[in-house]
Amino acid sequence: MENNLLFSDKFNSTTENEIIEIINKNSFFSLERAIDSKIIDKMMSEVDLFKLNLNSTEISSVHSDDGYFSSNAIAKSNTLFKLLTSEKILEISKQYLGDKFRLKCHRIYSTNPIARGAWHTDNKQYGDKDKKIKGLVVIIYLNDVFDGELQAIRKSHLISDEYKFSNYDEDIIEEVYKGDIVSFKLPVGS
């Protein structure tokens, strides 16, 4: 599946260099409706997130306290596989991470609307951090998210090495980074 079928014209016309410049400046790049909702629908039907297969060897989703998730989404969805391994995504990854990188996590989540994630960094585990490892997270909204949206701290990639822990109290984040918190209230495919 070619880029022009997976992504919106606006995303396809945004160069990899432009995307990397924005990531380097802000810690993130965001684009409304970067992926058509038909692609999202196809991906979701392939993963079948809400079908749990108990006592089966088939790859299945998991239900947890606050929602459903599929940890092996690219094994179930050819569409997601093509999207994550598309020329556009691979070129962005190469430019940001270098020639050698791996696709580590390829999950699809549906969380309970009342669930609340903690402020955290994605580059630490219990205070340990290998400073040689860079990461790039791709988050795609599978439905409209105007309440309970993802939030990020602008320029946090420049300061995360200064902190030992990966999870943070919401009050501290609000106090220290209030002006740099960005909320991503966006429609499906963003």
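Lys-88 lies over the face of Phe-11, at 5.2 Å from the ring centre; a charge sits over a ring if NZ of Lys or CZ of Arg is within 6 Å of the ring centre and within 35 degrees of the ring normal. Lys-134 is placed over the face of Tyr-96 at 4.0 Å from the ring centre. The model is predicted: local features need pLDDT of at least 70 and side-chain atom pairs count only at pLDDT 80 or more, while totals for chains, interfaces and linings use all residues. Residues are numbered from 1 along each chain as its sequence is written, and side-chain values use heavy atoms, with hydrogens and water left out.

Phe-11 also takes part in ring pairing. Rings of Phe, Tyr and Trp (its six-membered ring) pair if their centres lie within 6.5 Å; planes under 30 degrees apart count as stacked, over 60 as edge-to-face and the rest as tilted. The count by this rule is 3 aromatic pairs. One of them is the tilted pair of Phe-7 and Phe-11, at 4.8 Å centre to centre and 55° between the planes. Phe-11 and Phe-29 have ring centres 6.4 Å apart and planes at 45°, so this pair is tilted. It links distant parts of the chain, with Phe-11 in helix α2 and Phe-29 in the loop between α3 and α4 (37-47), 18 residues apart. Helices (H or I, at least four residues) and strands (E, at least two) are DSSP runs, numbered from the N terminus. Phe-7, Phe-11 and Phe-29 form one aromatic cluster.

Buried means under 20% relative accessible area, exposed over 50%, and partly exposed in between (1.4 Å probe, protein chains only). Phe-11 counts as buried because its relative accessibility is 7%, whereas Phe-29, at 25%, is partly exposed.

A nonpolar core is a set of buried Ala, Val, Leu, Ile, Met, Phe, Trp, Tyr and Cys residues joined through side-chain atoms within 4.5 Å. The largest has 24 residues, and those with the most contacts inside it include Phe-7, Phe-11 and Ile-40. Helices α3, α4, α6 (78-84) and α7 each supply at least two residues of this core; α4 gives the most, with 4 residues.

In α3 (residues 16-26), Ile-19, Ile-20, Ile-23 and Asn-26 are buried. Seen down the helix axis, these residues fall within an arc of 150°, so they line one face of α3; the arc is that of the directions from the helix axis to the C-beta atoms. The face turned away from the buried side carries the exposed residues Glu-21 and Lys-25. Just after α3, Ser-27 takes a positive phi of about 90°.
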